[in-house]
Structure formats: structure tokens, C-alpha cells
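Please look over the model shown here before reading the notes, and keep it in view while you go through them.

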Amino acid sequence: MDSWTSPDVPALPFTAEDPRVHDTARGAITPLAPPPGQEAGLYVCGITPYDATHLGHAATYLTFDLVNRALRAAGHPVRFVQNVTDVDEPLLERAERDGVHWEELASREIQLFRDDMVALRIIAPDAYVGAVEGIPSDVAAIQTMLESGRAYRVPAEDAAADAGESPADVYLDLAQVPTFGEVSHWTPAQMLEVYADRGGDPDRAGKRDRLDPLLWRAHREGEPHWEGGSLGAGRPGWHIECTTIARDHLGTPFLVQGGGDDLVFPHHEMSAAQTRALTDGAFAEHYVHQAMVGLDGEKMSKSKGNLVLVSRLRAAGEDPAAIRLALLSQHYRTAWEWTDAHLEAARQRLDRWRHAAQTATTSPSTADAGDGPAGDAVARQLAERLTDDLDTPGALAVVDRWADAVLGEQTGAAAAAERTEARSVRTAVDALLGIDLG
């Protein structure tokens, strides 16, 4: 599947420290430190393309764009992979509701997502992979787990005639995965409380454990299906796609698994469990999660319909840089509620930063500044904030102070020094925050 066009990311005149982020599995702030010379593998779970990109999505992809930028600033080559769940129940249900073919709906929404990512200046994945593309790898992995006894069949009496001689759904046997729970550290009771609402089928008759995840769904009439070899005709369950896409395009374990914190369980927990069952190894070294963005007292989500869409804001004439700044004003681990005031504050901040950049650049006393070792002090402060658990509010405050100094609202020697740093500040704001100051 085609990715989108990446923005140019300028090189910093210094090497930043390794970023430190909160690792969900460890429950602590942890440095992201790949071995020298090795690629930092970054896998971020992508959309199920049945509706347009909302600000909750945008916040998540922006957070991991910052992780990508921080790793690059620390001198690490990054390989970034993202999936697209281009066949799953929500997509099929929405297509049926709207009277369109599910592939047409998916194609339309994937392109809209690409357009939003370009507008928001999100670095593009090196591999952008649809779930459908990964089905051959899913089939091979599921067959391996069946052969090892770590997966099992449950008869599918309602399967279509072409599903096989003895059609069956296939499930992972979590009893064979003693590390299950290593990502979320939730109790089984906590897991069951949300499992059905998050795509699980705890009440499926014939399962060995209510939490066992679906690996392969035998073909039912009216559902899309693919040839599954010894599995029979059908399609993969939700979680297996990320297990195999990550393994194929990054190798496991890779450095960072990322997504919204609603994916901690079941999706990331099951991806890890499936990898243990398949390879006896870890899926990822670190798990990092973005908190939810709310609207009107509830999590912003497609299922609730309480969405602020990036595409609609863009169509209304909003500068994507202002949308990005509004999201950057909130720390990634803190849940928050979107209001129009966030966007208005971001507009004013963007105007002020660009005015400061223009003023500093055209001032006779500063036009040639920013080339020497002393010229990157503000840029280094900005990098320090980003590497400290993606402290974006602190990073914005650094640039705010610089803009105040340039525009004459601070006095003294410190302000005079900050006014000389236009070039390095513009480079750092672009490289680290993804904001083009013009």
C-alpha cells in the first residue's frame, strides 16, 4: 500500500540525548536507546478506515511523529511501520449502513487519512501495510501455532459451504502463553469488563478461555474471505495482522509499539501474546501510549460519533500548523477535552512565533546570527524538553520565551542573547516539533 509524502526534516547542529518516555509495560519513564548503528524500529497501529481522521487519531499520530523526530535528533536511524486495518467488522458494518462496497469505503478513507497526515506534517512510514496485504503471513503464522498446540479450532457450524470440510474458527490458547498480561498488567476481571466492547467475543461457545483471541474466522455468507490453506476459506482476526506485519517489516522485538491507550488491552496485549506463542520471544521492547482526547465529556471516537475531523477543520480554512500546535499544547499522557479555545490559542501562538521568526531574521543585528556554538542554546532547551517524556507544553514555553525576547517583551542580556538565535530556533522548531515558521 502506498504511504504518503514525508515533510523535509532539517538536521540539527547537535546530537540530542536519547528520548525518555513512559513505558506502559514497565510502568516507568524509560530511555529509548537502540544499540549503536542499529535501526530504531517504530510500529504505530493505524486506522480502521471507516471514517475520517478525528483529533484523537491526530493526537496519537502526532505523538509518535515526535518519538520519530526525537530518535532521529539523537542520531538513531528509524524504520517506521504502520498498518491499516482495511478489513474488519466496523468497516464492514459502516459500508453496509452506507450502501457502499467495503473496499470503496476503505480506499476513500485511507486517501483522506493520507491527505490529513501530509497536512499535519507527519513523517511517513517506511512501510504502510494493509491487513489484506498481510493475509498470507497471517495464514502461515496461524498454521504454525496450530502445529505447536498453541492454537486450537472451534467448529463454525454457521460457516459458508466453501469454508472447508470441517469449517472452524481458530483461537489462540492463552493458557499456553504464561507471559499474557505483560503489557497491561490488568487482571482477568478488568480485561473481561471491556473485552466485548473492544472487539472480543468472550461468550463464543467452544472457547477454552473467554479471553482467547480470534486468529482466523471461517467464511460466513456475505463476508469477504480469502484462501487460508489448511485453515479453510476465511479472514484473519484483528490482532494477528500487527503481529505478522511487525515481524515481516521490522523483526521482533523492535524498539517501540505505539498507539492510543485504548489499545493497551486487548490489541497490544494480544499482539504480544501471539508473538510469544509464535516465536517464544517478545513483540516489542517498549510500549508507549497516547491518552484519549475528549469532547463534551466523552472520549472522542467514531463509535460515539462525537468527532472533530481534521479534514473539516482544513476545509474551513484552518492552518494545519495551528491544528498541530493545539495538539502539542497538551501532554501526551494526560487525557483532555478539545474546545475551540485550544485552536484559538494555537492560532495566536503560531502567528506570534512566525512574526518573531520574521522579525529576528530581518533585524540588521540578528540576520547573520545563529551560526556559532552559542547560537543554539534555545534549540538545545527545546530538545531537552522533547526528550524528557515528550514535554510538549514545556517545549512550547521555550519557544514562547524566545518569541517574547525577539518581540521586545523581555529585556536584559538574556533577552539580547535569545534574539540572536533565529536560524537555529527555526531549524529546531521544524525538526523537533514539525512546525514550519516560514
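This is a predicted model: local features need pLDDT of at least 70, side-chain atom pairs count only at pLDDT 80 or more; totals for chains, interfaces and linings use all residues.

Residues are numbered from 1 along each chain as its sequence is written, and side-chain values use heavy atoms, with hydrogens and water left out.

**Strands**

- Four strands, in the order β6-β7-β8-β9, form an open sheet with antiparallel pairing; strands here are DSSP runs of E with at least two residues, numbered from the N terminus, and two of them pair if DSSP finds at least two bridges between them.
- The edge strands, each of which pairs on one side only, are β6 (151–155) and β9 (234–236).
- From one strand to the next the twist averages 20°, where the axes are lines fitted to C-alpha atoms and angles run from 0 to 180 degrees between N-to-C directions.
- Five bridges link β6 to β7 (residues 168–172) in the antiparallel sense, and Val-154 has Asp-169 of β7 as its bridge partner.
- Elsewhere, β4 (residues 78–84) and β5 (residues 127–130) run parallel and are joined by four bridges, with Asn-83 standing opposite Val-129 in β5.
- In a regular strand the side chains alternate between the two faces of the sheet.
- Strand β5 is covered on both faces, since Ala-127 and Val-129 on one side and Tyr-128 and Gly-130 on the other are all buried, a word that stands for under 20% relative accessible area with a 1.4 Å probe and protein chains only.

**Helix α1**

- Helices are DSSP runs of H or I with at least four residues, and α1 covers residues 55–73.
- The 19 residues of α1 should span 27 Å at 1.5 Å a residue, and this agrees with the 26 Å between its end C-alpha atoms; the expected span is 1.5 Å times one less than the number of residues.
- Because 18 of its 19 residues are buried, α1 is largely enclosed by the rest of the structure.
- After α1 comes Gly-75, which has a positive phi near 90°.

**Second largest pocket**

- On a 1 Å grid over the protein atoms alone, a pocket is an open set of points with protein on both sides within 12 Å along at least five of seven lines, and its lining residues have an atom within 4 Å of a point.
- The volume of the second largest pocket is about 200 Å³, a volume being the space filled by probe spheres set on grid points that are joined across faces, edges and corners.
- Helix α2 (residues 89–98) gives the most to this lining, with five residues, and the lining residues include Trp-102, Arg-217 and Arg-235.

**Cavities**

- A cavity is a set of grid points where a 1.4 Å probe fits but cannot get out, and the count comes to three cavities of 30 Å³ or more.
- The largest cavity has a volume of about 100 Å³ and is lined by 13 residues, of which Thr-63, Gln-290, Leu-327, Gln-330 and Tyr-332 lie nearest its centre.
- Helix α1 gives the most to the lining of the largest cavity, with four residues.
- The second largest cavity, at about 50 Å³, has Arg-235, Pro-236 and Trp-238 among its lining residues.

Definitions and conventions
Buried means under 20% relative accessible area, exposed over 50%, partly exposed in between (1.4 Å probe, protein chains only).
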